[in-house]
Amino acid sequence: MTGHHPATARVLVVDDEESICTVLVRTITPLGLTVDIALDADTALDIMRQHPAQVAMVDIRMPGHNGIWLIEHLEKDYPSTAIIIVTGIRDLDPRLTLRPSVVGYLTKPFRPAKVRDMVTKAVGLVNALPPGERIRGTLEPVSDEDIASLGDADEDPDDNAN
């Protein structure tokens, strides 16, 4: 891995927590990538229309439209954008990670090295695609009920043991 990225590589970070966005921007920017921030799904789509990103880092639980809604729209309108799920959900439902454009997921809190490694791999994957080619995977629909039933990363299942 050379660590070289084209100057045009762009990452969109979508999370309703501004502090999470700030951490991710500080972690990714040293890679030489342009990073845009959206605090909600609608703003993310507006940004994508103006400045399409090669990689979108998407939180699952957000007010308004959730991350699943956003991922579905990104897959339809920007099929060659690689998606990294960014979540506080400890045990992420595999149906989320098997979405066509999802290339990985990060659980909060993040390890900076893991964030940089995953973003670097995602940019490389997108840059290796032939023009017009889409990211491929398996598509299984996920309902809002599925999302609501997932536990948060800050909920320790061992707290109630003993």
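Asp15, Glu17, Asp59 and Lys108 are joined in a network of salt bridges, a salt bridge being a side-chain nitrogen of Lys or Arg within 4 Å of a carboxyl oxygen of Asp or Glu. The model is predicted, so local features need pLDDT of at least 70 and side-chain atom pairs count only at pLDDT 80 or more, while totals for chains, interfaces and linings use all residues. Residues are numbered from 1 along each chain as its sequence is written, and side-chain values use heavy atoms, with hydrogens and water left out.

A search of the whole structure turns up seven salt bridges. Another one pairs Asp36 with Arg10, at 2.5 Å between the closest N and O atoms. Here Asp36 belongs to strand E2 (residues 34-38) and Arg10 to strand E1 (residues 10-14), 26 residues apart; Asp36 and Arg10 are both buried. Lys76 also bridges to Asp77, at 3.3 Å, but Lys76 is exposed at 59% and Asp77 is partly exposed at 39%.

As for the helices, H1 (residues 18-28) packs against H5 (residues 112-128) at about 70°, with the axes 9 Å apart. Leu24, Thr27 and Ile28 of H1 touch Pro112, Val115, Arg116 and Val119 of H5, contact meaning heavy atoms within 4.5 Å.

How values were computed:
Axes are lines fitted to C-alpha atoms, for helices over the stretch in contact, and angles run from 0 to 180 degrees between N-to-C directions. Helices (H or I, at least four residues) and strands (E, at least two) are DSSP runs, numbered from the N terminus. Buried means under 20% relative accessible area, exposed over 50%, partly exposed in between (1.4 Å probe, protein chains only).
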